[in-house]
Amino acid sequence: MLRLEKVSSLRKALGGAILLLGLGATSAQAQVSFAPLQENPFGLMAHNDIRFETLADIDGDGDLDIISIRYDDATYYSDGQILEFRENQSTNGGTLANFIPPISDAFGIMLPNIDQGNYVNPILADLDGDGDLDLLIGSYIYSENNDGDLYYYKNLGDAQNPSFGEPEINPFGMSNDGSTAVTPKLVDIDGDGDLDLFSIYYYDDGYAAEHGIMFQENTGTATAPAFGSVQREVFGLPSSFDNVVFLEFGDIDNDGDIDLLAGSSYYDYYEYTVSYQYFENTGNTTNPIFADEVINPYGLEPQVALFIWPMLGDLDNDGDLDVLTGATYNQDTYETGWGYQENLLLSVGTEELANEFTQIAVFPTASRGDFNVQIRTEESPLAVTLSVFNTNGQLLQQQNYPATTQLDEQLQLDGYPAGTYYLQLQSEQKRWTGKVVKQ
């Protein structure tokens with residue numbers, strides 16, 4: 001059983017905190033609303049483990065799977081960790097996630113032991129622009145005055161059949177900048193077509209701890225990344241935090257730019273309630289500006305949990321980002337579990353762009369990357385914005401079209417991994433959302 005003593009030991013090993021991390025205001029924001037909390041949904045079960053995890057379509061079948069780093073109970077938390085894969089065998093036409101039991105040592109990756117440290121924060125992203133998802137894992141070294149590192153596993157297979165090479169440490173100019181922990185998140189925060197790097201900054205010399213966010217811009221390209229110098233206090237984000245925060249990026253309010261959702265760990269041995277921290281992007285896709293922190297917005301519920309590690313992904317295939325966490329805590333059974341809140345954004349109040357006077361067609365619905373977008377309207381000419389998102393809510397493309405009654409455009413996704421992609425057409429007052437499958 002995962003009892004309090006084990007949690008306490010883990011907290012001590014992580015310097016007093018469990019270190020983890022993982023899209024401007026519009027009228028649509030007032031419609032954001034999350035359904036009440038569900039525990040252990042989609043076939044997920046309570047367990048006795050400490051895990052760090054991420055959502056990604058690792059097998060290219062159009063739904064989101066779970067990749068976890070789990071502490072190996074047999075060797076205790078500081079001695080061994082296992083990479084787990086929970087495949088999503090979604091049902092009901094892909095609208096209902098269904099996770100099967102985990103596979104250990106997934107994809108042949110055996111995580112070597114880290115002396116006086118742990119792996120944290122696995123993420124999957126196409127870092128080298130070759131159409132499949134690569135793996136990046138951060139590490140935390142809990143001895144004083146030691147730095148964490150980044151481990152990069154290149155995908156040598158393809159989008160449907162991943163196969164990973166040996167790890168490279170701190171490639172492409174990635175830096176720990178003296179941080180005890182490096183917890184990577186890759187996101188195109190400045191809309192230039194390549195993935196930039198965020199991480200927590202954490203330093204503890206045994207006397208005082210410092211918590212913050214560090215950022216490295218990708219000054220290379222989508223196929224040849226090169227990360228610039230470390231920056232802090234970027235985009236209006238706080239210069240520091242009272243406690244360690246665990247970060248996730250995504251377009252929560254569906255306005256086309258990337259917002260930040262964060263969580264933390266519990267700090268009271270008698271009270272395990274942890275809240276969400278939300279930073280709305282009030283800038284735009286190329287010039288992000290994050291507003292001040294809002295606690296538990298849009299109906300997100302604080303959770304009884306060891307920590308809140310938010311994961312954003314479209315788990316019900318309705319075109320918006322839901323929230324999943326993996327560390328709810330039952331104080332009676334000493335078990336951890338899963339918490340899920342559905343995003344109801346596209347289920348309420350959005351006026352539909354397509355109607356009896358305006359027809360929208362995207363064809364084919366599945367191809368190797370070439371699609372056609374057509375609009376025909378008998379109403380006043382429409383000026384629209386076409387946005388393309390992946391299943392993690394990352395904005396991939398955006399194009400503005402001048403007012404017209406007839407639009408014929410070609411959409412090319414051949415440079416992206418196989419999987420499902422969401423299209424959004426937005427006029428001044430109305431929106432249409434659809435999806436295509438890149439084979």
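Strand S25 pairs with strand S28 (residues 406-412) in the antiparallel sense through seven bridges; strands are DSSP runs of E, at least two residues, numbered from the N terminus, and two strands pair if DSSP finds at least two bridges between them. This is a predicted model, in which local features need pLDDT of at least 70, side-chain atom pairs count only at pLDDT 80 or more, and totals for chains, interfaces and linings use all residues. Residues are numbered from 1 along each chain as its sequence is written, and side-chain values use heavy atoms, leaving out hydrogens and water.

**Exercise 1.** Sort the residues of S25 (370-377) by face.

*Solution.* In a regular strand, side chains alternate between the two faces of the sheet. The covered face has Phe-371, Val-373, Ile-375 and Thr-377. On the uncovered face are Asp-370, Asn-372, Gln-374 and Arg-376.

**Exercise 2.** Describe the largest nonpolar core.

*Solution.* Such a core is a set of buried (under 20% relative accessible area, 1.4 Å probe, protein chains only) Ala, Val, Leu, Ile, Met, Phe, Trp, Tyr and Cys residues joined through side-chain atoms within 4.5 Å. The largest one has 42 residues, and Leu-261, Leu-315 and Leu-324 have the most contacts inside it. Strand S21 (322-330) is among the strands that each supply at least two residues of this core; its four residues are the largest share.

Note on methods
Buried < 20%, exposed > 50% of the residue type's maximum accessible area, 1.4 Å probe, protein only.
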